[in-house]
Number of protein chains: 2
Amino acid sequence: MSNPTVQAEHAKQNIKLAVDNCIFTVKDGKLFILLIKMKSKLQGMWALPGGLIKDTETIGAAAQRILKQETGLSDNYLEQLYTFSQPNRDPFARVISTAYFALIPDANIELKPSPKYDDVRWYPVKKLPELAYDHNHIVKYAKQRLEWKISYTNAAWSLLPEKFTLTELQKVYEAILNKKLDKRNFRKKIDKVGLLKETKQTKLEGAHRPAKLYEFSSKKKKIVEII
Amino acid sequence: MSNPTVQAEHAKQNIKLAVDNCIFTVKDGKLFILLIKMKSKLQGMWALPGGLIKDTETIGAAAQRILKQETGLSDNYLEQLYTFSQPNRDPFARVISTAYFALIPDANIELKPSPKYDDVRWYPVKKLPELAYDHNHIVKYAKQRLEWKISYTNAAWSLLPEKFTLTELQKVYEAILNKKLDKRNFRKKIDKVGLLKETKQTKLEGAHRPAKLYEFSSKKKKIVEII
DNA sequence: CCAAAAGTGTTAACGCTACACCCATGT
DNA sequence: ACATGGGTGTAGCGTTAACACTTTTGG
C-alpha cells in the first residue's frame, strides 16, 4: 500500500455490504415470494430476508447461507441479480446490497423464523405490501429477471418437485408469465427441448384420467428458448 | 441501531467496495477494451480502470466518474455487469468490485492517462495480456454480455458516430459476434427494426460507389431482436 | 475499362400459432 | 352415464437463411 491516494481513499470509505434474497416459489398456480417481518429497526415492516456478508465469504455464499437459514434449503437455483447502491436506500447507514434470486420447489417447507425476525411468510407477488428500504424496487427487478429466466432457460425445473406432470409444469409458466398458454403448443416445445424423460408412474388426482409423471434428464443449467 | 447482533455484525465487517469498468470500442472492424498499466501495487500489470466508490455516490455514478476520468466521455451506454466478491481476488485487501461495462464510439479519443496510472491503452480483446486481480475473468464475463446486448438490443448504436454507413454498422456486429454476416439479410433485419433513418449525405471512400449515411431516429435504449 | 464496395429480391425450409376432439378415471 | 382434466395432429402463416448480379465511383 505504497500509494498514499489509495490509502486515503481506503481510510475514508464507510460502507456496509449486504445481500438480499428474492426467494420465489409457485403454489397452486400462483407465484409467491418469501418475506420477513422486521424487528427493531423499521419494526413491523415486511422486507426481503437478508443480512450483512462476512469478511471471508463471497456474496453468493452469503445468499446461500441466508436462504438456508430461512428455508432449510440448499443447492437450489440461486443467481446474482443486481447490486443496489442508492446512498439513501437504508435510512440508518450506508448499506449497499447485492440482490440474489432463488427458485425453490412448491414449498411445503417448514419456515423457521429465525430469532432475527418477527415472522416469515410466503406472499403472493401480485399483492405485496409496502416493503422496507428499496425492496419493492428490488422485487420488481427480480420479477423481470424471473420472467426472462423462465422463458429462455430451464430454470423452471427448480420450482418443481422431483417428479411432476406436464400440467404442473405448464402452471408454473403461466403463473410467472401471468398468461394462459396453449396446452398442445406448450407440450410440443417442451418435447422439442428434450430435457424431460417420462417415468413409468402416473399421478391420479380426482375423477379423471391420471397424468404421466416426468423427471429431468439432467439438472444442469442451460440456456434454452422455451417460451 | 437497537439490535446488538446487527451492531456487532456492522462493527466486524471490513470490506472495501470498488468499481471496475469494461470499456469497449470497435475500430477497423476489431473489438478493443480499455486497459491501464498499474503503478505501485502490482506495478507494471495491466488492469481494468477502476477505483473505490465514495460514501455519497451510487456505484453507477462511480463508474461514470471513472469513465470520464479515463476517456473524457460521458453520457454513454453504461450498464452494471456483475459484482465480483472472491475473498482473495485482491491480494492486498478484501475488495468487492462491481463491474460495469460501457460502449463508446470509434475512439479517436484523446486518452488522458491520469497520474494514478503509468499508461492507458486500447487492447484488442482477442489478445489480452494477463491482467491484475480477477480482471481476465471479468472481461470474459463482459464479452458474453456484450454479445448478448448487441444481438438483442440496440446497444450497437453506442459504438458508432453520429452518422454511419450500413457496412460500418455491420462491421460492428461482425467484430463482436466474431463471425461474418450476410449483407442482404443483415440489411433486411436492420430495416425491419426501423430505428434508422437515411440522411441525404453519402460517404465517399476509395474507388467505388459511395455509401449512404444513416443516423438513429431515436437514441433510447430498446430491447429489440436484431441478430 | 477495370477494380472495389454499395446496393438490391426470391425461394425453400423451418418454426409458431390457432384450433377440437377422444381418453381414462371416480362418482 | 357424466363430469373432469389428460392427451394428441394439422394447416396456414411468418421468419430465417442461402444465394448472385447490377450500380457507382476513382484510377
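This is a predicted model: local features need pLDDT of at least 70, side-chain atom pairs count only at pLDDT 80 or more; totals for chains, interfaces and linings use all residues.
Student: How many Å separate the centres of domain 1 and domain 2 of chain A?
Tutor: Chain A is divided into domain 1, residues 4-136, and domain 2, residues 155-216. Taken over C-alpha atoms, the distance between their centres is 30 Å.

Student: Which element gives the most to the side of domain 1 of chain A that touches domain 2 of chain A?
Tutor: In chain A, 13 residues of domain 1 are in contact with nine residues of domain 2. The two domains bury about 810 Å² between them, 73% of it on carbon and sulfur atoms. On the domain 1 side, β1 (16-27) and β2 (30-38) of chain A are the elements that give two or more residues. The most, three residues, comes from β1(A).

Student: How many salt bridges are counted between domain 1 and domain 2 of chain A?
Tutor: The side of domain 1 that touches domain 2 in chain A has seven nonpolar, three polar and three charged residues. One residue pair is in polar contact across this interface. For salt bridges between the two domains of chain A, the count is zero.

Student: Which element provides the largest share of the surface near DNA strand C?
Tutor: DNA strand C is surrounded by 23 residues, with A:Asn185 and B:Lys183 among the closest. Elements giving two or more residues include α5 (183-193) of chain A and α5 (183-193) of chain B. The largest share, five residues, comes from α5(A).

Conventions: Residues are numbered from 1 along each chain as its sequence is written. Chains are lettered from A and ligands numbered from 1 in the order in which they are written. Side-chain values use heavy atoms; hydrogens and water are left out. Domain bounds come from an automatic or database domain assignment. Contact means heavy atoms within 4.5 Å. Buried area is the accessible area (1.4 Å probe) that two parts lose on being put together, summed over both. A salt bridge is a side-chain nitrogen of Lys or Arg within 4 Å of a carboxyl oxygen of Asp or Glu. A polar contact is a pair of N or O atoms within 3.5 Å; within protein, one must be able to donate a hydrogen and the other to accept it, and residues adjacent in sequence count only if both atoms are side-chain atoms. Helices (H or I, at least four residues) and strands (E, at least two) are DSSP runs, numbered from the N terminus. Ala, Val, Leu, Ile, Met, Phe, Trp, Tyr, Cys and Pro count as nonpolar, Asp, Glu, Lys and Arg as charged, and the others, Gly among them, as polar. A residue is near a molecule or strand if one of its heavy atoms lies within 4 Å of it.
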